[in-house]
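Reader: Please take one part of this model and look at it closely. I want to know what pairs with what, and what lies around it.

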Amino acid sequence: MDWNNVVWDSSMWLLKAYVMTVVAFVVVVILLARFTKWGRQFWRFAAPYFDPRRSLKPLTILAVLLLSTVFAVRMTVLFSYWYNDFYDSIQNLDEPAFWHFLRVFAILATVHVVRALVEYVIGQTLDIDWRTWLNHHLVDDWLDSRAYYRDRFLGDAIDNPDQRIQADITNFVTTSRSLSMGAVTAVLSIVSFTGILWDLSGPMTVFGVEISRAMIFLVYIYVLVTTAVAFWIGKPLIKLNFLNEKLGANFRYALIRVREYGESIAFYRGENVERRTLAGRFADVIRNMWQIVFRTLKFSGWNLTVNQTAVIFPFLVQGPRLFTGQVSLGDVMQTSQAFGQVHDSLSFFRESYADFASFRATLIRLNGLANDNLHAAELPVLKTGKSGDDLQVEKLDVRIPTGETLIEGLALTVTPGQSLLVKGPSGSGKTTLLRTLADLWPYADGTVSRPAGEAIFLSQRPYLPLGSLRTALAYPKEPTASDDVVRGALSRVSLGNLSDRLDETADWTRILSPGEQQRLAFARVLIARPAVIFLDEATSAIDEGLEHTLYTLLRTELPDSIVVSVGHRSTLNQFHSRGVELEGEGRWTESELVG
Ligand SMILES: Nc1ncnc2c1ncn2[C@@H]1O[C@H](COP(=O)(O)OP(=O)(O)OP(=O)(O)O)[C@@H](O)[C@H]1O
């Protein structure tokens, strides 16, 4: 190594190696994306992110990261030559050279440290940027396709989308980077250090046959055979890692449910049942973990043995040549280092198998989520038009997923100011009818047109989003109403006591009683003033006196709104002008009511 020209030589090397690396990298990614299943799954989330028409930033970061990776290999090559020269200075008892090479080492080490830190920042920038993009992309799809709700209608709905969005995206991004950059480093090191070993290795006699440059062949045979065995031992890890994620998420889901339904469970004293469920799910996690442990034991045992054996290998080969004066101490040390590099680099593919296994599992889970989003979007919906001021239903057939008919040939027209009460025995399809009118139910045919204005659906358990009371009162819109309007609405639904807590952020679902939550939903309606209001047993937790007040408010404050209620109580009759009775098996009858 000519240390006087090291900067120029290294720059030229860097330039050549970089161009070749970029070309090879692109070709390999294209081939993998074309010819392997996991490559296609990876490409699905990589291609749109790296698309230069969207932004040049990702490709730029990747280009810099590749440059840094190539630079790192050059640094290891320089260190290897440094070893040779440094140990030669010791063998020759050449003190000036000894000190000179220590100074060279200080410079090399400084460059190495700075490069490593810069690479860390660039790598993290790529991870964060890619993760942010992928998160937005998948969350948007999940919400826009309404897969968060409608995936229940898919035959093969996925488990735990929350975990896929939160954990798998992160795994995907970090492992994509670490595996790809690791592979680049490995291949480049193999090429560079094979050259160095080539120069250092001599002939060797194996079973009476002299093989020139034997070490090169030996190291390759050694690593290729050990890698093949490692792949064979490690293969079951793919499935085990997949199960690990799935079972862990199932356990977490059971825990979340206990928290969510804490009060009901506490009233039932259901701790023992919950304990059994939790213990069962946890036992599944642990059983799978032991399987991972046993498999990893075999896998790591093999890898460690292979690595330890590799330490003495170069000394066995070069030792005799050192003592016969064919090579110097520096040559032996560089051989050991170069052999180590080639061995480690070739072993990268063997040792990364566990990471790759978990990466495959992550890819399967993310693809499942993306497919689920697509399939949910493709589920049929009854197209509801928006026209005129009336709510019009024509030839509406509603079924359940198994094909049984709930409602057949429903035809209705409700004009502004009119109110309709849907009644019928439990399970006759009342809620499903409202789902159909809200474009949520996939198993329906017919025509529904709603007035152009806003429609609000109130259910038995109103949804209160995380955030302030003001946000809950405006949901799903931005809270724009003035304090006076909001406080007025609260006081009219007998929730005046909350007037001073509008900006308090709390888990309101836990604080307010079911009846208070239902009243809050009515306040929401009074503020939003929608054209159509659908109420599904929206006063079930409220006494009849308050129910009377709330319905009277609706009718007096929103006289032009269309009201469609679902309910069992006969007290509701007085607030509705018409009624529809669902009688099961598709039958229904319409009647005039007093109200
Ligand atoms: N996601 C679903 N998958 C399969 N069947 C469903 C689904 N949702 C509802 N059903 C079925 O559709 C039928 C009608 O249910 P729906 O909730 O509309 O009845 P309902 O008249 O509102 O009952 P209730 O008065 O008890 O609230 C029931 O038999 C129910 O089991």
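Author: Two residues are in contact if their C-beta atoms, placed from the backbone, lie within 7 Å. The model is predicted: local features need pLDDT of at least 70, side-chain atom pairs count only at pLDDT 80 or more, and totals for chains, interfaces and linings use all residues. Residues are numbered from 1 along each chain as its sequence is written.

Six strands make it up, in the order 8-11-12-6-13-14. Their pairing is mixed. Strands (E, at least two residues) and helices (H or I, at least four) are DSSP runs, numbered from the N terminus. Strands pair if DSSP finds at least two bridges between them. Strand 8 (455-458) and strand 14 (587-592) are the edges, and each pairs on one side only.

Start with strand 6 (419-423). Strand 6 pairs with strand 12 in the parallel sense, over four bridges. Leu420 has Val564 as its bridge partner in strand 12. On strand 13, too, the pairing with strand 6 is parallel, again over four bridges. There Leu420 stands opposite Arg578.

Why is strand 6 described as largely enclosed by the rest of the structure? Because five of its five residues are buried. Buried means 20 or more other C-beta atoms within 10 Å of a residue's own; exposed means 12 or fewer, and partly exposed lies in between. In a regular strand, side chains alternate between the two faces of the sheet. In strand 6, Ser419, Leu421 and Lys423 point one way. Leu420 and Val422 point the other way. Lys423 is buried along with the others.

Strand 13 runs antiparallel to strand 14, and six bridges join them. Val580 has Glu590 as its bridge partner in strand 14. Helix 13 (430-437) packs on the sheet. Helix 13 touches strand 6, strand 8, strand 11 (532-536), strand 12 (562-566) and strand 13.

The loop between strand 12 and strand 13 holds Leu572. Leu572 counts as buried because 24 C-beta neighbours lie inside 10 Å. Beyond neighbours within four places in sequence, the contacts of Leu572 are Leu421, Ser565 and Gly567. Leu572 and Leu421 are 151 residues apart along the chain, yet their C-alpha atoms are separated by 7.8 Å.

Next, the nonpolar core (buried Ala, Val, Leu, Ile, Met, Phe, Trp, Tyr and Cys residues joined through C-beta atoms within 7 Å). The largest has 56 residues. Val422 of strand 6 is one of those with the most contacts inside this core, along with Val398, Ile407, Ala523 and Phe534. Helix 17 (514-528) gives the most to this core, with six residues. Leaving aside neighbours within four places in sequence, Ala523 touches Leu473, Ala489, Leu490, Val493 and Leu495.

Finally, for comparison, a helix with buried residues. In helix 8, Leu237, Leu240, Asn241, Glu245, Leu247, Ala249 and Phe251 are buried. Their cover includes helix 6 (161-200), helix 7 (214-234), helix 10 (271-323) and helix 12 (353-378).

Conventions:
Axes fitted to C-alpha atoms, helices over the stretch in contact; angles between N-to-C directions.
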